[in-house]
Amino acid sequence: MLSIKNLAVTFQTRKGPVEAVRDVNLKLAKAETLGIVGESGSGKSVTSYALMRILDAGGSITAGDISYSNIDLRNASSKSMQDIRGREISMIFQNPRAALNPIRKVGLQIEDVLRRHSRATRYDAKEKAIKALESVQIKNAESRYDAYPFELSGGMCQRVVIAIALACDPKVLIADEPTTGLDITTQKTVMDLIKQLSAERNMSSILITHDLGLAAQYCDRIVVMKDGALVEEGNPAQLFHHAQHEYTQKLVAATPRKGVTIRELLPKNMQLEEPERPAIGAPLLEVKNLVKTYKGKSGPVHAVKDISFTVKKGASVALVGESGCGKSTTSSMIARLLDPTSGEILFDGQNLAQLSAKSFAKNDLRKDIQMVFQDATDSLNPRFSAQDCIEEPLRHLTDLNRGSRRFKVDELADLVGLPKTLLSRYPHQLSGGQKARVGIARAIAVDPKLLILDEPTAALDVSIQAIVLNLLADLRAELGMSYLFVSHDLHVVQLLCDEVIVMKDGQIVEQGLTADVMQTPKSDYTKSLLEAAPSISNLITNNTPNPRKGEFA
């Protein structure tokens with residue numbers, strides 16, 4: 001179906017040309033699902049953009065051939081490519097909300113594609129658009145036709161993007177990180193849907209991802225990319241059971257799974273002794289009968305319904321569940337970024353719920369509760385350097401003078417492993433892992449007693465995630481902080497947390513020690529979360545050489 005030979009892509013930058021992809025060779029068979037895995041900057045997305053001829057203005061294909069059904073895509077005219085895109089080769093982009101027009105109804109956006117490729121007329125376009133929504137299992141498709149993207153959840157937006165991509169029955173589907181930011185059950189639903197539709201339509205597909213568990217579960221064949229080049233290729237069992245290339249071994253080793261410790265995720269040259277877990281003390285945070293209600297169009301919306309739990313001093317407690325279950329709302333109320341409707345938030349014996357979010361900002365307890373936000377980019381001021389971002393809470397919540405603050409920032413940079421040379425850089429000049437470190441350094445700057453971590457590693461590559469998780473474990477051991485860890489990644493939770501609280505529809509359905517909940521879940525919902533989590537554990541048996549010990553050839 002598709003053939004790429006010796007592909008090279010170069011971008012013109014202020015510092016000269018940068019070769020983003022070099023000497024890439026790929027083949028895609030009919031009805032095959034090919035996985036392309038690798039970390040950010042490895043060239044995965046650039047390869048797919050080159051194939052679709054949608055590179056940025058500064059990018060160009062400098063070498064190689066791209067052939068689809070004997071059509072030379074590299075030299076095809078712009079008109080020919082417009083006909084091929086959507087009708088023959090279609091793409092699901094990484095961020096569904098960014099891919100959709102925010103001020104246009106989703107039904108009309110599907111109509112645009114159908115009418116562009118003469119698959120519908122103005123008389124039957126609406127009917128076919130509704131059928132496209134139904135094909136991706138959107139309930140009440142007729143009413144969703146008139147919805148705007150901001151009125152839909154992340155998973156629903158992803159389904160709409162899939163409907164647009166498949167509206168014209170393409171022969172090849174490219175899915176670029178189609179589940180980034182989705183919870184595990186929505187992720188499984190979306191991937192099962194893509195797999196089902198591919199089988200029904202005898203369609204070939206390319207899955208671009210940094211999640212090895214996802215690639216192992218859904219791909220027939222996988223290629224690994226690093227620094228713009230292919231380094232290894234094979235079926236999932238071959239790659240993860242007998243990885244040959246050092247980089248593939250590193251990715252496999254850094255992927256959280258059953259039977260590994262948090263230190264075993266690190267590269268061999270960074271391995272240390274397991275961090276000591278601090279002694280668990282008296283209750284630090286007690287949440288009692290907490291409720292949050294919003295006004296909705298058809299009545300009150302109960303985001304959080306009468307929940308109660310405790311976080312002890314030195315403990316790490318996970319808050320898990322699907323998107324919309326109330327995790328982030330709960331953590332925002334505890335951090336006093338939102339006012340609860342009713343209930344108590346007892347912190348060191350004081351009821352914070354009696355303080356408004358505005359008055360709490362001026363309270364002495366403000367510095368004792370800090371938060372690391374999910375999106376490291378959006379949570380940092382783009383006009384502040386890394387130095388200023390870390391120093392900001394010290395300016396507002398301490399009496400330190402300028403010199404003492406700068407000295408403290410240097411100490412924090414050392415503590416989180418951020419090179420001091422990066423302190424003068426702005427957020428857009430830092431990598432995802434570096435921005436995550438800045439966010440953590442800022443949060444611990446005022447020595448909080450409770451650190452709330454809202455999906456801190458959700459968008460990070462597995463090797464960067466491994467380093468950040470180990471950093472959090474070390475900080476907890478060294479500083480004795482308590483963690484409230486909001487996540488949908490159960491493998492990560494198992495490595496970092498002592499206790500787990502499972503939420504669904506604003507309520508707690510199960511809570512207990514992590515080992516107990518993970519091994520013998522009592523709630524059917526918890527069981528469904530565990531079953532939905534993709535893993536490479538089943539491909540790495542007890543007889544498999546351990547890449548951490550350098551036993552791979």
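Ser 118 is found in the loop between helix H4 (106-116) and H5. The structure described here is a predicted model. In this model the phi of Ser 118 is near 55°, a positive value in a residue other than glycine. Most residues other than glycine have a negative phi. With a relative accessible area of 65%, Ser 118 is exposed. A positive phi, near 65°, is also found at Ala 31, again a residue other than glycine. Ala 31 belongs to the loop that runs between strand S2 (16-28) and S3, and its relative accessibility of 37% places Ala 31 among the partly exposed residues. A further positive phi, near 65°, belongs to Arg 336, which follows helix H12.

Helix H12 itself, residues 327-334, is mostly covered, with seven of its eight residues buried. The buried residues of H12 are Lys 327, Thr 329, Thr 330, Ser 331, Ser 332, Met 333 and Ile 334.

For the protein as a whole, the secondary structure comprises 20 helices and 20 strands. The radius of gyration is 25 Å, which agrees with the value near 24 Å that a compact globule of 553 residues would have. Taken along the principal axes, the box filled by the C-alpha atoms is roughly 70 × 60 × 50 Å. Buried residues make up 53% of the 553 residues. Among the contacts with a separation of 6 or more, 68% are between residues 24 or more positions apart.

The count of salt bridges comes to 24. One of them links the side chains of Glu 233 and Arg 221, with an N to O distance of 2.5 Å. Glu 233 lies in strand S10 (residues 229-234) and Arg 221 in strand S9 (residues 221-226), so this pair ties together parts that are 12 residues apart in sequence. The two partners fall into separate accessibility classes: Glu 233 is partly exposed at 46% relative accessibility, whereas Arg 221 is buried at 18%.

Salt bridges within helices are also present. In helix H5 (residues 125-135), Lys 131 and Glu 127 lie four residues apart, about one turn of the helix, and their side chains meet in a salt bridge at 3.6 Å, N to O. Glu 127 has a relative accessible area of 47% and is therefore partly exposed. In helix H14 (residues 386-397), Arg 395 and Glu 391 are likewise four residues apart, a separation of about one helical turn. The closest N and O atoms of the salt bridge between Arg 395 and Glu 391 are 4.0 Å apart. Arg 395 is partly exposed at 33% relative accessibility, while Glu 391 is buried, with a relative accessible area of 1%. Through salt bridges that share partners, Glu 391, Arg 395, Arg 405 and Arg 406 are joined into one network.

Glu 39 presents a contrasting case, being buried yet without a salt bridge. Glu 39 is placed in the loop between strand S3 (33-37) and helix H1 (44-52). When neighbours within four places in sequence are left aside, the residues in contact with Glu 39 are Lys 44, Tyr 247, Lys 250, Leu 251, Asp 461, Ser 463 and Ile 464.

Lys 226 lies over the face of Tyr 247, at 5.6 Å from the ring centre. A further arrangement of this kind involves Lys 292, whose charged end sits over the ring of Tyr 294 at 5.1 Å from its centre.

Between aromatic rings, the count comes to one pair. The ring centres of Tyr 148 and Phe 150 are 5.9 Å apart and the planes are at 10°, so the pair is stacked. Tyr 148 is partly exposed, at 28% relative accessibility, whereas Phe 150 is exposed, with a relative accessible area of 62%.

Terms used:
Residues are numbered from 1 along each chain as its sequence is written. This is a predicted model: local features need pLDDT of at least 70, side-chain atom pairs count only at pLDDT 80 or more; totals for chains, interfaces and linings use all residues. Side-chain values use heavy atoms; hydrogens and water are left out. Helices (H or I, at least four residues) and strands (E, at least two) are DSSP runs, numbered from the N terminus. Buried means under 20% relative accessible area, exposed over 50%, partly exposed in between (1.4 Å probe, protein chains only). Lys and Arg count as positive and Asp and Glu as negative; His and the chain ends are not counted. Contact means heavy atoms within 4.5 Å. Rings of Phe, Tyr and Trp (its six-membered ring) pair if their centres lie within 6.5 Å; planes under 30 degrees apart count as stacked, over 60 as edge-to-face and the rest as tilted. A charge sits over a ring if NZ of Lys or CZ of Arg is within 6 Å of the ring centre and within 35 degrees of the ring normal. The radius of gyration is taken over C-alpha atoms; the globule rule is 2.2 Å times the number of residues to the power 0.38.
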